[in-house]
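Biologist: I am new to this structure. Would you please select a single part and describe it closely?

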Amino acid sequence: MNRRQRMIISALLAVTALVLLISAFNPGFLERKQKPSDLTIQVILRSNEGDYWQNVVLGAQAAVKEFGITMYMTASYEEDDVEGQVQAAMQSLITKPDAVVLGASDDEAFAPFLKAAAERHIPVIAIDSLLTSGKTKSYIGMDNHAAGQEAFNELAEQLEGRGNIAIVPHAAGGINGKLREQGILDAAAKHPGIRIVDRVQCSGDRDQCTKAVSQAMHKQELDGIIALNTEASIGAALELKNEQAGERVKLIGFDSSQELLEMLQENQLQKLIVQNPFSMGYLGIKYAMEAALGHKVPDRVEIDRKLIDRSNMFWKDNQKLLFPVVQ
């Protein structure tokens with residue numbers, strides 16, 4: 001054996017040793033797939049109802065079509081069924097997906113799932129809800145604390161700095177609702193003329209939300225309301241319409257739906273804080289693919305939010321946001 005042959009064999013042995021060393025610390029390394037068409041991505045959403053989540057699905061489907069990925073999706077019929085969602089998520093790991101896109105309903109409840117995914121070296125991309133109870137590769141969603149501040153500041157402007165207001169959070173709002181509410185409280189500290197006099201919690205049922213807002217309005221005089229998600233916003237707007245108080249009591253809502261846009265036109269609410277669920281679904285799949293292929297992905301991708309009102313809801317860019325269409 002000549003010197004050149006010995007050098008080649010030594011180099012091959014060194015490469016082999018390096019691969020074995022890497023695989024020892026990362027057992028999934030040798031099994032890593034090399035192209036998108038080889039990948040299977042599991043998408044787990046906390047609901048399959050409503051325009052918001054349907055637009056998330058449209059975005060995910062657009063990415064699947066573009067990249068040629070295989071996608072499986074599970075979604076709950078009841079957004080409040082946290083236990084059922086966690087069980088479905090744990091069961092999905094049995095199929096050994098290459099990555100998971102997770103729109104969780106709760107932070108702490110999903111800690112066991114995040115731990116199990118990490119042990120299996122399955123990257124998790126969190127969308128919509130920031131998760132702190134376990135390891136995720138990336139969070140894709142808006143800054144909910146800043147959105148809460150913006151909602152309060154918009155209402156303060158509507159009320160010219162004075163008045164009594166109520167907050168309507170969602171019973172299963174999870175970390176998103178908590179961050180939005182904290183943002184409201186932080187902004188309120190700078191507006192002494194506006195008092196938060198009630199916190200009206202409601203479930204995912206809009207009729208229950210309507211009833212809860214009605215009780216709050218009859219308990220004290222309200223000048224404004226901030227509703228923190230779609231169903232709470234619809235419930236509050238419907239009650240203001242029932243009471244013919246849509247112009248007297250100012251309402252700032254979150255998210256969008258056909259009903260909310262119609263009531264916005266009718267001046268039953270003044271502003272909607274809207275994010276882009278289509279982009280969230282698309283980017284969730286894209287970065288899950290990148291993570292599964294071993295590529296670096298950003299720790300956080302902030303989805304822009306927009307304030308929608310009667311004056312700008314028909315702008316071309318806003319129409320694309322409110323009514324995304326997959327060609």
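**Helices α8 and α9**

Modeller: Helix α8 passes helix α9 in a left-handed crossing, that is, the near helix is turned anticlockwise from the far one by less than a right angle, clockwise being right-handed. The model is predicted, with pLDDT of at least 70 needed for local features and 80 or more for side-chain atom pairs, while totals for chains, interfaces and linings use all residues. Residues are numbered from 1 along each chain as its sequence is written, and side-chain values use heavy atoms, without hydrogens and water.

Helix α8 covers residues 230–242 and helix α9 residues 258–265; their axes come within 10 Å and cross at roughly 40°. Helices are DSSP runs (H or I, at least four residues) and strands likewise (E, at least two), numbered from the N terminus. The angle makes α8 oblique to α9 (under 35 degrees is roughly parallel, over 145 roughly antiparallel, 65 to 115 roughly perpendicular, the rest oblique).

In the contact (heavy atoms within 4.5 Å), α8 contributes T230, S233, I234, A237 and L238, and α9 contributes E259, L260 and M263. These residues divide into 5 nonpolar, 2 polar and 1 charged (Ala, Val, Leu, Ile, Met, Phe, Trp, Tyr, Cys and Pro are nonpolar; Asp, Glu, Lys and Arg charged; the others, Gly among them, polar).

R248 and E221 meet in a salt bridge, 3.0 Å from N to O (a side-chain nitrogen of Lys or Arg within 4 Å of a carboxyl oxygen of Asp or Glu). R248 lies in the loop between α8 and β9, and E221 in the loop between α7 and β8, 27 residues apart.

Methods:
Axes fitted to C-alpha atoms, helices over the stretch in contact; angles between N-to-C directions.
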